[in-house]
Amino acid sequence: MVIVSYKNLKRYKEIGLVLVKYGFTFIVEKLNMESVAYKIPITNPPEEIKNMSTGEKIRSVIEELGPTYVKLGQILSTRKDLLDPEIIEEISKLRDNVEPFNTDEAKEIFKKEVGLSVEQIFEEFKDTPMAAASIGQVYEAKLKHGEEVIIKIQRPNIEQTINSDIEILKSMIVSINDLSKDKKRNIDIDLIKIVEEFHTQLIRELDYNFEAINAMKFRKMFEESKEVYIPKIYSEYTTKRVLVMEKIIGIKLSDVEAINDLGWDTENISQIGVRSLFKQVLDYGFFHADPHPGNIFVVSRDCISYIDFGMIGIVDNKTLNFLNGIAIAIAQKNVDKIIYLLTEMDVLNPNIDNNALRQDLLYLIHYYYDVPIDKINVSDILNEVFRFLRKYKVCIPTQLATLAKTVITLEGTGRQLNPNFSIKTAGEEFIKHYYKNKLDPKNILLNSKDNVEEVLLDLKTIPKQLKVILKNLEKNNIKIQIEDLKFTTLEKCIGDLATQLSLSLVLASMVVGSSLIIASPNINDNIWISLMAGAGFFISFIIGILLVIKIFRSQYKNRG
C-alpha cells in the first residue's frame, strides 16, 4: 500500500484519475493508495482509448501527468535495454508541448532572478513566447547593444511540483517492490535506481547554470571550427531560473525542403553532423545527447549550429577502449573475446546461461556481418542488440545507453537529410577520426603518461594494501568464505596425506631404532638383539616399499 502524505493527497488523486481513465485501474487497486483508490470512480474507458496500443496509452498517461512524467518518459526513451521497442517508439514521441504561463509572471521571475527589469536590459522583448516547454518558456528579445537573443524563463513553482512527483514515484515504487515480494516475483529492473538517475538529471535541468556551462564547453570545443557554431551565453543575465543565449539565425534541420530550396548540399550537411558527433565523443568524451532535427540549425551551406544543451552525455576513455575492443572482436567474429570484455566491464548477470549467450552472440554476428554495409540500418541493429540485452539482463552503463540513443537519433536525422545516408558513411568517418585521434603524437604521449602514472599509483598503493592485510591478519580479522568446494575429495586427500605421514614416521622410527641397536656394544653378546635389529631393518624396508607405492599411486590418480 502507498503511504500518502497529506500534502500530496490531491496529486495522488490526479494520478489515480488519469490511470483509471486510460484503463490502468489494476495499478490503482494493487497499489491501494491509502484511502484514495476507493474515492476514484471506476469508469469504462471510451472506445477511442480501448483501441489504443499499450504504448499509446502509456504515452497519453505521461502527457496528462505533466512535466515530471514527460521528462521521465524522455529519459526512459533512451533506455532501449530496459523497455520493449513498442513502448520506446511511443514515448520517443513525447515533446514538451504544454500550455504557456502568463508573460507578466515570467517578467517578474526575470526581475527577481537578475535584479533588473526586462525594460532595463532589452531594447525589444516579444511578449508572446516562441515555445512553452515543461520546465520553462522561451522568449525572443534584443539587447540594448542590438544583439538578438533568446531567453529561457523557468515555470513558477515547477521545482516544488517536481519534488512532490518524485516523492510520489518513490513511494509507488516501494509499494510495487513490496507487492512483487509478496507475489514472489522478481523485478529485473532496478526502478529506484532509474528514478534516482532521473531525479539527478532533472535537478540539473532545473538549474539553467548547468545548461549555460555545457554551452560554454561546447563553444570552446568548436571555437576553431568552421563547420559548427555554438551560440554565445550571456552569463551576466543567466541565473538558476533564467538563461540568456545568442539567437541562432538559420533553418531547422527538420525543414529539409527549405534547405533544398537554397540549393545547399544536404549530404554534406549530414556528414558535418557525423563529424561533429565523433569529435565530441572521441576528442572530449562529452557530447550533445539530444541531436534531433529540432535542436540543430543549418546556418550556411557548410555550417550547422546546436541549441539546447540541457541533455548531455559523458563517456570516458576506458569505456571507449572497451567499445573499440568489442568492435574488433566482432570484426574477428571472436565471441569468447566479446564475453570476456563484457565480463571485464562488469555488466553480465552472474547467473547467466553462458551457452545460450554464446549462441545468440554468434547468431547476431553472423546474421549482420555479411550484409552489404549500405543496406544496414543502425536502428535495426541496435534494436536487436537491445533485445539481446533485455533477454540476458545485461546492465549497460547509463552513458552507453545515452550514446546508443544519440547514434540512433543521429542516423534518423542523417537519413532525413540524405536518403542515401548509411552506416558506411558514419563507419568510415568513425575509423578515420578514431585512428587520427589515437595516432596523434600528442595523445600517444598523454596516454603513455597516464599509463606510467597508473603503474606508479599501483606501486604506491600496493604496500599500503599489504600493510592493511597484515594488520588484519595480526588482529585475526581476516574471514575466508569457502563456497562450493568438493569436501569429499578434500577429505580423501587429507586422509591420504595422514596415512603417508604416519608411515613415514613409523619408517623413520624403525630405521633409527634398528640403527641404535646395531650400534650397541652388547650386540655380539646376545643373538636376540641381532635378530631384533635385522627384523627392524626388514620391516623398515617393507614400509618404505609400501610408502613409495602409495605415493606413486596418489600422483597417478591426481594426474588422471
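In which helix is Asn-268 found? Asn-268 lies in helix 13, which covers residues 266-284. Helices here are DSSP runs of H or I with at least four residues, strands are runs of E with at least two, and both are numbered from the N terminus.

Before going further, a word on the basis of this talk. This is a predicted model, in which local features need pLDDT of at least 70 and side-chain atom pairs count only at pLDDT 80 or more, while totals for chains, interfaces and linings use all residues. Residues are numbered from 1 along each chain as its sequence is written, and side-chain values use heavy atoms, with hydrogens and water left out.

Let me begin with the chain as a whole. The chain has 22 helices and 11 strands. Of its 560 residues, 40% count as buried; buried means under 20% relative accessible area, exposed means over 50%, and partly exposed is in between, with a 1.4 Å probe and protein chains only.

I return now to helix 13. With 19 residues, helix 13 reaches 27 Å from its first C-alpha to its last, close to the 27 Å expected at 1.5 Å a residue; the expected span is 1.5 Å times one less than the number of residues. The N-terminal end of helix 13 is capped by Asp-265, a side-chain oxygen of which lies 3.0 Å from the backbone nitrogen of Glu-267. Just after helix 13 comes Gly-285, with a positive phi of about 65°.

Not counting residues up to four places away in sequence, Asn-268 touches Arg-275, Arg-301 and Asp-302.

The largest nonpolar core has 56 residues, and Phe-218 and Ile-269 touch the most other members. Such a core is a set of buried Ala, Val, Leu, Ile, Met, Phe, Trp, Tyr and Cys residues joined through side-chain atoms within 4.5 Å. Helix 9 (residues 158-182) supplies the largest share of this core, 6 residues. A second, separate core of 26 residues has Ile-338, Ile-352, Ile-396 and Ala-401 among its members. Leaving aside neighbours within four places in sequence, the contacts of Phe-218 include Ile-230, Phe-286, Phe-309 and Ile-312.

Two loop residues also deserve attention. Most residues other than glycine have a negative phi. Asn-157, however, has a positive phi near 60°, and its place is in the loop between strand 4 (148-154) and helix 9. Asn-157 counts as exposed because its relative accessible area is 51%. Asp-308 likewise has a positive phi, about 60°, although it is not a glycine. Asp-308 sits in the loop between strand 10 (303-306) and strand 11 (312-314). Why does Asp-308 count as partly exposed? The reason is its relative accessibility of 29%.

Finally, I turn to helix 15 (residues 335-344), where Asp-336 has its place. Asp-336 counts as partly exposed because its relative accessibility is 46%. The C-alpha atoms of Asp-336 and Leu-362 are separated by 10.0 Å, and these residues are 26 residues apart along the chain.

Note on methods. Contact = heavy atoms within 4.5 Å. Polar contact = N/O pair within 3.5 Å; in protein donor to acceptor, adjacent residues only side chain to side chain.
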